Amino acid sequence: MTNVKSTCVEVRLPSRLGYEKVAMSTAAAVAKLMGFREDRVDDLKTAVAEACINAIEHGNRLNEGLSVGVVLSAGDDQLEVKVIDDGKGLKALPPKPDIDRKIHGEEDPRGMGMFLIQALVDEAEWVKGSNGKSSYVRLVIRLDKVAE
Amino acid sequence: MQSETKARVDQLTSPAGHPVTVLRFEGDIASTSKEAVLGSYQALPKETAKLVLLDFTKVDYINSSGIALVIQMLIEAANSGQKVYAFGLSAHFTKVFTMVGITKYAGLFPGQTEALAAL
């Protein structure tokens, strides 16, 4: 298992909360094979989990008849993860969460998933499906060459 | 699929002589953890449990829904004049709690000894 260049791994999850952990474990296994540091693997796990939770809850609206696709593409120096659901996609990115507003009851305590995704990976983009379905979030995490 | 959240309450005294209520969590902290996280906190007597210490030593997975439960606890604690602290988070979740700003309202410590020494 020394050569994972241009390798693609796909996982299909039921739209049931908790199954994001299957995608987390798979992403972590691929990232470890690629040589990511442990702290970056942890970042990736949280970002993938949050992307899957959004897909299950908001994209597929917890409809267990629909599944969430997770496609991991391992390149030379980066890992790309696409999390695909049957929703229409985002209208707009939510504002950055504000802990003071949350504590003072001016903002919902929830709503931190997308902020965490953006903060923990090198690239994150949300893409609407062309047919009003098959929207996805694309995450990229890069190998840190300096630390290798 | 998610590991059930368990919560246990311990009463300790800090080296400075203050009573400290420790909420020890085990399992995942996620959307299914409301009863374990908020329920166990809300069952504490507000008049006497003024210092609340959260033990995450046996928690492996916390997602944004779980973080939201912790924030809901902090909101209730702020309204009740309680102070909340935490220990036992992994380096990753220490970073995540810091990113979302929880450290502004709940001091984080590496372990129970360090936490109690500061209270």
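## The sheet of chain B

Chain B holds an open sheet of five strands with mixed pairing, in the order β1-β2-β3-β4-β5. Helices (H or I, at least four residues) and strands (E, at least two) are DSSP runs, numbered from the N terminus. Two strands pair if DSSP finds at least two bridges between them. The edge strands are β1 (6–13) and β5 (106–109) of chain B, and each pairs on one side only. On average, neighbouring strands of this sheet are turned by 25° against each other, direction ignored.

Strands β2 (residues 19–29) and β3 (residues 51–62) of chain B run parallel and are joined by eight bridges. Asp28(B) stands opposite Tyr61(B) in β3(B).

## Basis of the model

This is a predicted model; local features need pLDDT of at least 70, side-chain atom pairs count only at pLDDT 80 or more, and totals for chains, interfaces and linings use all residues. Residues are numbered from 1 along each chain as its sequence is written, while chains are lettered from A and ligands numbered from 1 in the order in which they are written.

## Helix packing in chain B

Helix α1 (residues 34–42) of chain B lies across β1 and β2 of chain B, at about 35° to β1(B). Axes are lines fitted to C-alpha atoms, for helices over the stretch in contact; angles run from 0 to 180 degrees between N-to-C directions. The axes of α1(B) and α2(B) come within 10 Å and cross at roughly 10°. That makes α1(B) roughly parallel to α2(B) (angles under 35 degrees count as roughly parallel, over 145 as roughly antiparallel, 65 to 115 as roughly perpendicular and the rest as oblique).

Lys34(B), Val37(B), Leu38(B) and Tyr41(B) of α1(B) make this contact with Leu69(B), Val70(B), Gln72(B) and Met73(B) of α2(B). Two residues are in contact if their C-beta atoms, placed from the backbone, lie within 7 Å. By class, the contact has six nonpolar, one polar and one charged residues. Ala, Val, Leu, Ile, Met, Phe, Trp, Tyr, Cys and Pro count as nonpolar, Asp, Glu, Lys and Arg as charged, and the others, Gly among them, as polar.

## The sheet of chain A

Chain A has an open sheet of five strands with antiparallel pairing, in the order β1-β2-β3-β5-β4. Its edge strands are β1 and β4 (123–127) of chain A. Neighbouring strands here are turned by 15° against each other on average, direction ignored. Six bridges join β2 (residues 67–74) to β3 (residues 78–85) of chain A, and the two run antiparallel. Ala74(A) stands opposite Leu79(A) in β3(A). Helix α2(A) packs on the sheet and touches β1, β2, β3 and β5 (135–142) of chain A.

## Core and a buried tyrosine

The largest nonpolar core has 71 residues. Such a core is a set of buried Ala, Val, Leu, Ile, Met, Phe, Trp, Tyr and Cys residues joined through C-beta atoms within 7 Å. Val48(A), Cys52(A) and Val83(A) have the most contacts inside it. Leaving aside neighbours within four places in sequence, Val48(A) is in contact with Ala23(A), Met24(A), Ala27(A) and Val81(A).

Tyr19(A) sits in the loop between β1 (7–14) and α1 (20–34) of chain A. Tyr19(A) counts as buried because it has 20 C-beta neighbours inside 10 Å (20 or more is buried, 12 or fewer exposed, in between partly exposed; C-beta atoms are placed from the backbone).

## Where the chains meet

The contact takes 23 residues from chain B and 21 residues from chain A. On the chain B side, α2 (64–80) and α3 (91–100) each give two or more residues. The most come from α2(B), with nine residues. That side divides into 14 nonpolar, eight polar and one charged.
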